[in-house]
Amino acid sequence: MSTLIRKLISTNNAAKPVAPYNQAVVADRTVYVSGCLGLDKKTMQLVPGGAVAQAEMALKNLEAVLVAADSGIDKVIKNTIFLKDLNDFGAINEVYKKVFNKDFPARSCFQVARLPMDALVEIECIAMTGDVKTVTSSD
């Protein structure tokens, strides 16, 4: 039986974890990115400007972690977005569409009671590494 590799990802190009977890873990060719908050990587504080600004920064952090894992936005297969207030759904979608603008991954979005550091948005994803070919199937 061959040995699978479990690679722990850490990059200075994104905000560090705020608890005992890794920014991402690569298992074989699948990347599991931990929830990214809208934290400024230098100050480790939430960026000002509300849910939209936090979502923009969370997506920047997410993208930096993906790059460190030898992946990218174009290789994301599933996103999960956690919102403090589902009334921010439309505004967050506008930010999201600037990053994920074609071949959209699967996605879930939930309102939650509370997020770490009282954040307004948290975004996590599952992605692939290596060569990935996208095909479309429809009825």
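The exercises below work through a predicted model, each with a solution in steps.

**Exercise 1.** Describe where Asn79 lies, decide whether Asn79 is buried or exposed, and name the residues with which Asn79 is in contact.

*Solution.* Begin with the secondary structure, where Asn79 is found in strand β4, which covers residues 76-83. Next, take the relative accessibility of Asn79, which is 0%, and compare this value with the cut-off of under 20% for a buried residue; Asn79 therefore counts as buried. Then look at the surroundings: once neighbours within four places in sequence are left aside, the contacts of Asn79 include Phe100, Pro105, Ala106, Arg107 and Ser108, and also Ile123, Glu124 and Cys125. Tyr96 is also in contact with Asn79, and the side chains of Asn79 and Tyr96 are joined by a polar contact of 2.9 Å.

**Exercise 2.** Work out how many disulfides the structure has, using Cys125 and Cys109 as examples.

*Solution.* Recall that a disulfide is a covalent bond between the sulfur atoms of two cysteines. The rule applied here asks for two cysteine sulfur atoms within 2.5 Å. For Cys109, the nearest cysteine sulfur belongs to Cys125 and is 15 Å away, and Cys109 is in no disulfide. The count by this rule is zero disulfides. To complete the picture of these two residues, Cys125 counts as buried because its relative accessibility is 3%, whereas Cys109, at 23%, counts as partly exposed.

**Exercise 3.** Describe the largest cavity by its volume, its lining and the elements that contribute to the lining.

*Solution.* The structure holds one cavity of 30 Å³ or more, and the space in the largest cavity comes to about 120 Å³. Its lining consists of 14 residues, and those nearest the centre are Ala15, Lys16, Tyr21, Gly35 and Cys36. Two or more lining residues come from each of the elements β3 (30-37) and α1 (50-68), with β3 giving the largest share, four residues. Sorted by class, the lining has nine nonpolar, four polar and one charged residues.

How values were computed: Residues numbered from 1 in each chain as written. Predicted model: local features only at pLDDT ≥ 70, side-chain atom pairs only at ≥ 80, totals over all residues. Heavy atoms only, no water. Buried < 20%, exposed > 50% of the residue type's maximum accessible area, 1.4 Å probe, protein only. Polar contact = N/O pair within 3.5 Å; in protein donor to acceptor, adjacent residues only side chain to side chain. Contact = heavy atoms within 4.5 Å. 1 Å grid on protein atoms, 1.4 Å probe; cavity = no way out; pocket = protein on both sides within 12 Å on 5 of 7 lines; lining within 4 Å. Points joined across faces, edges and corners; volume = space filled by probe spheres on them. Nonpolar A, V, L, I, M, F, W, Y, C, P; charged D, E, K, R; others polar.
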